[in-house]
Amino acid sequence: MTYAVLQRLGQMIFVMVGISMLVFLIFFGTPGVDPAARIAGRNASPEVLQAVRISFGFDQPFYVQYLTMMKKIFVTGDLTSFVNRGWKVVPAVLDTVPVTLSLVIGAAILWIIFSLIIGVLAAAYRDTWVDKVLMIAGLIGISMPVYWLGEVMNLVTQSRFHDTWLFSWVPPLGYKNLMDDPKGWFLTLIIPWITLSILYIGLYGRVLRAAITEALQEDYIRTARAKGLSETRILLRHALRTSLIGFVTLFGLDFGALVGGSALLTEVVFGLQGVGKLTFDALQNLDLPVIMTTVLYASFFVVLANAVVDVVYIILDPRVRAP
């Protein structure tokens, strides 16, 4: 098991190096395009262009340019924005990471708990009214766009019913630091957590229900019944564990993507300055150093999430432990 975990961690490092090379080629290796002009931004003076070329080593061989950029991002952290002159990119990205992590982790806890409940109950009472109600509720959750649901939640909690006892506790839009104000942090994120998680609760609940239903038809389940095990033990101990393989796969992909910036719409609607919002603002200004740094950051979390999924596979299924 230890060998398998170390092997996957080594693969993660190899993939990250490959992604960093590919991203650098896309941003600064395009033939016929001056990379200094891309970094300096629109209407940059010749003096600024020359300063950028010297600072980033664009007058050096290509591999030196790549190493210089990676050093500025991962070692010294002194990569600067030339749209917002003198603005340090890496500290700016790191400042937004707690916001996005707070949003995504809280929403993930909600969607894991409730999707497990929905999936298990729907499978246990399959083809009954309980199953049908839960699957219809899940389909409704999947069908509601995050930005629309967020605006509706804001309309209800921040405007129409904010002065009532039901939503008077909801604070204004924005983010409060966990270390400075734990209660304010929690209250500020409750509505965004619910909004972001509803889509995934419906999706994961339906996927888990289908996986459990299929697992209950397998031979090992018949063997367990023949041994006299209770239906509850068979469902939770045997069918659910096997069905979690697909569940974990989806979770790894979605969690990594959300932390990497896919929670943009939720961040915009609720005024959260996270990674997605930072990337969106950089795209509007064509601030390439910021865009490239956030892309590498997003890639890291997607690769890390998939590596964690591989480790969970090893725990759930002993058959994948062999090298």
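Helices here are DSSP runs of at least four residues, numbered from the N terminus. Keep that in mind for the close-ups below, which come from a predicted model.

View 1. Buried or partly exposed: where does Phe 255 fall? With the cut-off for buried at under 20%, Phe 255 makes it in at 18% relative accessibility. Phe 251, at 21%, is partly exposed.

**View 2. Trp 111 stacks on Tyr 200.** The structure holds eleven aromatic pairs, and this stacked one has its ring centres 4.5 Å apart and its planes at 25 degrees. Trp 111 belongs to helix α5 and Tyr 200 to helix α8 (residues 182-215), so the pair ties together parts that are 89 residues apart in sequence. Both residues are buried.

**View 3. Ring pairs join up into a cluster.**

**View 4. A look into the largest nonpolar core.** This core has 75 residues, and those with the most contacts inside it are Phe 28, Val 52, Met 69, Trp 111, Ile 212 and Met 292. Helix α5 (residues 89-124) supplies the largest share, 13 residues.

**View 5. Met 69 and its contacts.** Skip the neighbours within four places in sequence, and Met 69 still touches Phe 24, Phe 28, Ile 39, Phe 56, Leu 79 and Met 292.

Key: Residues are numbered from 1 along each chain as its sequence is written. This is a predicted model: local features need pLDDT of at least 70, side-chain atom pairs count only at pLDDT 80 or more; totals for chains, interfaces and linings use all residues. Side-chain values use heavy atoms; hydrogens and water are left out. A nonpolar core is a set of buried Ala, Val, Leu, Ile, Met, Phe, Trp, Tyr and Cys residues joined through side-chain atoms within 4.5 Å. Buried means under 20% relative accessible area, exposed over 50%, partly exposed in between (1.4 Å probe, protein chains only). Helices (H or I, at least four residues) and strands (E, at least two) are DSSP runs, numbered from the N terminus. Contact means heavy atoms within 4.5 Å. Rings of Phe, Tyr and Trp (its six-membered ring) pair if their centres lie within 6.5 Å; planes under 30 degrees apart count as stacked, over 60 as edge-to-face and the rest as tilted.
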